[in-house]
Amino acid sequence: MGEPSPSDSMNSSANRGDNGATEARFTEFCKGLSLDESTFSQSMKLFTEAKYLMLSNSSTVASITAEEAERHWFSFILYCVRKLGRTNLDDEHDELKDDGFTLCQILKLAKLNMVDFFKELPQYLIKTGAILSQMYGADWKNKLKTKEMQANFVQLSLLSRFYKRTYQELFLSSEDDQSAIVSTMGLGIDNQRFGWLLFLAVRERAFSQFKDLISCVNGLVSILVILIIHVPLRFRKFNIFDDSRFAMKSGKGVDIVRSLCHCHEATEEVVREMLGITNKLIADILRKTPSVASDCKVENLENIDTEGLFYFEGLMDESSISSSISTLEKDYENAIHNKCELDARIFANEEDSLLGSESLSGSALDIPSVKKRIDFLASPARTITSPLSPCQSPTPHINGIIGGSNLRMASTPVSTAMTTARWLRAVISPLSSKPSAELMRFLTLCERDVTHDVVRRANIILEAIFPSTNFGERSVNGGMQSTNLMDNVWAEQRRLEACKLYYRVLEAMCRAEAQILHSHNLTSLLTNERFHRCMLACSAELVLATRKTVTMLFPTVLERTGITSFDLSKVIESFIRHEESLPRELRRHLNSLEERLLESMVWEKGSSMYNSLVVARPTLSSEINRLGLLAEPMPSLDVIAMHFNSPAAGPPTSPSSQKHEGSPGHNGEFRSPKRVCTDVRSVLVERNSFTSPVKDRLLALSSMKSKLLPPALQSAFASPTRPNPGGGGETCAETAMTIFFSKITKLAAVRINGMLERLHLSHEMKESIYRLFQQILSGRTSLFFNRHIDQIILCCFYLMAKISRVNLTFRDIICNYRKQSHCKPHVFRTVFVDGSVRNGKRGHEHVDIITFYNEIFVPSVKPLLSELGPVGADTRTNGIPDAGTANSAHCPGSPKVSQFPSLPDMSPKKVSPAHNVYVSPMRSSKMDASISHSAKSYYACVGESTHAYQSPSKDLADINNRLNGTRKLRGALNFDNVDAGLVSDSMVASSLYFQNGTRVASPAAAPKSENTES
């Protein structure tokens, strides 16, 4: 039977009702891309399989119209077919085949932009996961690489903005007043485009596997060097004698390489290496002959130190620039041919319709590493520990970076990343790659010397995270060094950085433990396999976060170390506390990471949290086993070494050295701990689980001035079934779950508080919602399984609104949730439900939040409503019956219902460690008012408010006059008085900690209805 063609399908789809009309529109959409028969057949197959999902996609919670949703579906289907259908054909023999279309062509045809596409993508992946797995295999996610493409898009956006801004500071462009010269010849735009295309050529060749932001910025700086010495003088805006830009000079003139590196926090050695690669690319691709710059007598090189530089005669002349651009265009097309990669040339074209006008910050893209959160209180670790901990900001004498000459530069994502990377170079890189003498003393004072085990483990795990590739698999044209050689050098450098950071923090932890225990024998801690792997994973993640890679995104470190998200969440707080020099951005990254773990990842299938939960809460074991949620035992080091072919593995260690490495039953196969564990008995005797290294830090809320010492880490890493050494009659698993639940409720309190401010609800409602959430976590814990805590919070808001007779629809709640910095659209569009519970069918489904509320949440929560306490006089007088308390009593290991905790209103950010100036984010309620159309004044100035609202232009002119100093203000703020006494960050945080006031009693409430409103 022949494959359907677009024309046949068009004819056969007439008069089929809505289904047929949708199929006809999809067929017409495919025609616009000129698909071949094979690709069209695959597209129609996926469309047919997913059609029922697409037709049922309309929801009251949707943020886009049905017509827009259809275009998103069409684009998603074709993108999957293009990416997955060609996965096995991307070898050398198929590179000449052109079947194709790119993602940019798909989105242009669908009239969508990149930001909207990536924002909507997660929900489609969740809904069609089973279909894609059946059609393309279980590893379809690894083949599709959507997260990597999203990260690549964000990185290219940042790089293009950095390049455009820097170029326009150095050279004339079409946006300048003097651009009459530029526009008449069109060379200004050509020069800018030439530089971007040359950078793309370097990026594709110099970084094959690892494309990180820091390396790319170094590459762009090398491009700027090329432009400075080749762009004709008439396009220059800079003065070569400008000391603010070209501060580094020698007896031969201005050292432009050192000057640009100094200005942009780049690494001179790397930039010079990239400059050599760029020169070779120009010679190989553009067929230009390099000349030693010192031998050339041209105007562009006057007053420039030419040592180590090469000059290409006529490279950017009017007669050759167009052909050079054309050659670079063709070269880039060949590089991304047949890969359905993101076409980075769109950033040079400035195609706003394709890029999207929405900011990349906030919830536009679900990439935590690039989010710029306003609400710094989102992490429970941050809200609990920041008032107790010392200053989070790196100081100049520690880092040697913040207090430099770039204080006056505006902070951008690129400049922040470069500053953080300099901390890694200045503080971590100079350290020894071996354990220090003090750490060696701790390792040798154990019951047996564990030095060899610690070093071997670090080598194996870091080799697995940063693997080396085979040499010589690919080479660049013209005899350049192997691309994989560059990757291997990069991987080796990252391994060293992560290893040095691991040893440094481990030493600090051992020192603290020895002081607490009054003993240097830390055998229990230093022989715990899972603890070390968590430390190594945390160190590697910080290195990756510093470099901002696009290929090794979280949770890669979990998968390659054999641990789970629940394991990692236990060491983050201790890691931050024991590395005082950690820059603010990296602290934020770890805090955001912990938030991400707590909100959803620890609840996913295969999390080791369930292995502890079945010990602490045996009544939940049947449900956990029915859903197959348990994690498998942690794979041994030998299995990891064999899987990743680690040359650092060495001979196997003695059995005694691996007694803590995992449960019995390893068979040599590398198994992710997130795979389902069917042996319940192994959970009860599993020796690797551990409790949090910090006891209930919520005690800090009632005693801010007393600094509580953390419990010994050795006692925190005991077996789950072992009695807690701290007493109380609990097992270690029960203690671990109590601490875990306290973190969950703390995170929920922060999010409830943020939403409540915008909804203008009473404190009584806040208390009621918080108590309901606590009751569900304690008595209906299974509602969290395989779900996001925000889904439970949203349902709590609506249920309490109905009970309290507050006029609040689900649409209002979701609209408010969209404004939160942690919002992810798939949270309310794709909620997990068990098909057997919902409709008796086998398998799992994903529904929208309203369906989940009506069919799952309300029936499960009804019996708990009478347990909420005195929420009003008529609590039990309406439609929701009183089911008693028999099934919802407090269980061991679950949190007790408590009052809403006090939260700091703001988290002040110090402008500079050299000045006693703090900036805090505006409260969400005030922020909404300030941007509303009814606001009377849109602008404010530090130290003095503006006049009554006149007009935007007048208000802006008034602010500009003040900031530019044309008007003298009484009592002007002096930010340059470095002699002023400074206060610590912790003191400022503590002063804001109790600003919320006291708890107010809950109002009367009455259950009314379970039906939702549109």
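Start with Glu-268, which is partly exposed in this predicted model, with a relative accessible area of 30%. Its salt-bridge partner is Arg-258, and the closest N and O atoms of the two sit 4.0 Å apart. This pair links distant parts of the chain, since Glu-268 belongs to helix α14 and Arg-258 to helix α13 (residues 256-264), ten residues apart. Arg-258 is partly exposed too, at a relative accessible area of 35%.

Why do two such side chains get together at all? Side chains of opposite charge can pair when their charged atoms come close.

Now follow helix α14 itself, which covers residues 268-285. Let's check its length. Which of its residues are buried? Among them are Val-271, Met-274, Leu-275, Thr-278, Leu-281, Ile-282 and Ile-285. Here's a handy idea to keep in mind as you look along the helix: an α-helix has 3.6 residues a turn, so residues three or four places apart point the same way. The buried set of α14 also includes Asn-279 and Asp-284. Just after the helix, look for Arg-287, which takes a positive phi of about 55°.

Back to the charged pairs. How many salt bridges does the structure hold? There are 38. One of them joins the side chains of Lys-51 and Glu-23, at 3.9 Å from N to O. Lys-51 lies in helix α3 (residues 37-55) and Glu-23 in helix α2 (residues 17-31), so this pair ties together parts that are 28 residues apart in sequence. Are these two buried or exposed? Both Lys-51 and Glu-23 are buried.

For another pair, find Asp-139 and Lys-143, whose closest N and O atoms are 3.6 Å apart in a salt bridge. Asp-139 is partly exposed, with a relative accessible area of 36%, and Lys-143 is partly exposed as well, at 22%.

Finally, the cysteines. A disulfide is a covalent bond between the sulfur atoms of two cysteines. Cys-538 is buried, with a relative accessible area of 1%. Cys-263 counts as buried too, at 12% relative accessibility.

How values were computed. Residues are numbered from 1 along each chain as its sequence is written. This is a predicted model: local features need pLDDT of at least 70, side-chain atom pairs count only at pLDDT 80 or more; totals for chains, interfaces and linings use all residues. Side-chain values use heavy atoms; hydrogens and water are left out. Helices (H or I, at least four residues) and strands (E, at least two) are DSSP runs, numbered from the N terminus. The expected span of a helix is 1.5 Å times one less than its number of residues. Buried means under 20% relative accessible area, exposed over 50%, partly exposed in between (1.4 Å probe, protein chains only).
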